[in-house]
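The following paragraphs lead through the structure shown below, from a helix and its surroundings to sheets and individual backbone features. The reader may wish to keep the structure in view throughout.

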Amino acid sequence: MKKLSKPLFPTMIALLIIGISFTACEETDDQLSSRYPSPKDPKFEDKYYDRESDNAVEQYPLEELTQFELPENWQEIAAVQNEYAEIIYEMDYERLIEYDYFLRDVCSANRPAFNWRDAGKVTPVRNQRGCGSCWAFAAMGAYESSNLIRNNINADVSEQDVLNCSGAGSCGGGWYDPVFEYMLTTGVAREVDVPYVAIDDVCYRNTKPHRAINWGFVTVKSTIPSVQQLKDALCKYGSLAVAVNATPAFAGHKPADGVFKEEGADEGINHAVTLVGWDDNKNAWLIKNSWGSGWCDNGYMWIDYNTNNIGYAATWVQAQSRFYAIDAEFQKILVKRFDIINPFLHPKEFEEIGG
Amino acid sequence: MEQIILLFHLWLFALYYQPADLTKMILNEQHHNQQVEVSYRDTLIVELPYQPGTGYYWVWRQPDGCDRALKLLDERSQSGQNRPSQDRSGLARPGLARPGLARPGQESISQLRFLVVKKEACQLNIDLKRSWEDHVLREYSVKLQIK
């Protein structure tokens, strides 16, 4: 366990509070404020905002920030936790606003073409192999993209952990929306900790550092949103998890054949992919598949807006801000006061952030 | 009277005559590595489970010992049953879909239909593979005795 010298502690807290007071002086957009309720809102008084109940609550859950098993002196830790919870929440709140401004600069639904791949906000193409876990890959594709956009972290998140632990499905199929719900409450492991083996396996007890802060359907699950709605969601949240009807023609499509379009292929859905952009000149979406980089165009495909039910049950997710989830200052506090290293942090990451 | 006899014969003909290519023989997983008797002009249907969401499809291995004896008529598959309601030009509309009937990654049935065009013994080989990869995930084979 790493230990910090005690005199550093008050200095760090002072710096943290000063830093927050500077950022808090910035004017915020009314619209954004209504979307992301501030702890300063009179409605919340001195309490904290609870996402699920949409109410102020007395205490912020310890697990929300620390992710470790509760030690015996957890009440003592919780007291410190609560002391800094508002500060950390506010940091994330500011971060969300920055994130929205960033997205507005980068992506506009009025543009004739945009995609997150060319913006460098999509992780490499994966390969699900013979397991029907496309739903997990689509979910992690959307999450990893959001993580890149929000935190600029190119993380490889464990689809196997999702497969084993989320309860959202199996190698026999599943849906991505329960995965995101699972990411709100529990989190997902790193690929390096639970590597993909393409079979149904038991849930291992790992640290699960990758968490979502929010998710939702673009419209409702049983619909295909309109082109405009999907573009708006892509800009607002990043890449989306969507369903599609995969056919032999879909699987065998070659990029040289242009945009994929198939007549009479609108009977249901059987596959999930990540929607990463659009091009009105092509009248097509850009999708990232999970069939390896040898498929179609290096694992991607341009698919017509109106074919194979592409876009069905479109779902967005927002990765938890690293600023909020893995806070170096808070980590140092934990080490100093309780001799505990937050297992949320991989040792390498801990070094990277100066722990 | 002659007309009645003619109609009677036509009725008998319609009752007993069955075009050879309408006789269907359905094979499935249980016939893997088995020997099966089929008749000339039979329609041979091979039904095998697969998962469209993986990109792996059953394909007739070429060249194959049954190249001359069989002619591939078509390949079909059962797709999922979720029928989304949609309005591409405006707002999406919920309501018509039956969520839960189909889900990404689920299993489906692949159907390859062959016409038996030559009397001979041969081994039919079908591979579960991705068209852009050499790797074969599963193999299915059946020995045909064509009479």
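Which residue follows α8(A), and is its phi positive or negative? The residue is Gly238(A), and its phi is positive, near 105°. The model in which this is seen is a predicted one.

Of the 355 residues in chain A, 45% are buried. Among the contacts in chain A with a separation of 6 or more, 71% are between residues 24 or more positions apart.

Two loops of chain A may be set side by side. The loop between α5 (134–151) and α6 (159–165) holds Ile153(A). With 15 other C-beta atoms within 10 Å, Ile153(A) is partly exposed, since a residue counts as buried at 20 or more such atoms and as exposed at 12 or fewer. Thr123(A) is 30 residues from Ile153(A) in sequence, and the two C-alpha atoms are 9.6 Å apart. The other loop, between β11 (300–304) and β12 of chain A, contains Asn308(A). Asn308(A) is buried, because 27 other C-beta atoms lie within 10 Å. Its phi is near 55°, a positive value in a residue other than glycine. In general, most residues other than glycine have a negative phi.

In chain B, attention turns to the sheets. One is an open sheet of four strands with mixed pairing, in the order β1-β3-β7-β5. Its edge strands, β1 and β5 of chain B, each pair on one side only. From one strand to the next, the twist averages 20°. Within this sheet, β3 (residues 43–50) and β7 (residues 108–116) of chain B run antiparallel and are joined by eight bridges. Leu48(B) has Ser110(B) as its bridge partner in β7(B).

A further open sheet of four strands, also of mixed pairing, has the order β2-β9-β8-β4 in chain B. Here β2 (35–38) and β4 (57–60) of chain B are the edge strands, each pairing on one side only. Neighbouring strands of this sheet are turned against each other by 35° on average, direction ignored. The pairing of β2(B) with β9 (residues 136–146) of chain B is parallel and extends over four bridges. One residue pair is that of Glu37(B) with Gln145(B), its bridge partner in β9(B).

Two loops of chain B complete the account. Asn33(B) is found in the loop between β1 (24–27) and β2 of chain B, and its phi is positive, near 65°, although the residue is not a glycine. Asn33(B) counts as exposed, because it has 10 C-beta neighbours inside 10 Å. Pro63(B) is placed in the loop between β4 and β5 (70–77) of chain B. The peptide bond that leads from Gln62(B) to Pro63(B) is cis, with omega near -5°. Most peptide bonds, in general, are trans.

Notes:
Residues are numbered from 1 along each chain as its sequence is written. Chains are lettered from A and ligands numbered from 1 in the order in which they are written. This is a predicted model: local features need pLDDT of at least 70, side-chain atom pairs count only at pLDDT 80 or more; totals for chains, interfaces and linings use all residues. Two residues are in contact if their C-beta atoms, placed from the backbone, lie within 7 Å. Two strands pair if DSSP finds at least two bridges between them. Axes are lines fitted to C-alpha atoms, for helices over the stretch in contact, and angles run from 0 to 180 degrees between N-to-C directions.
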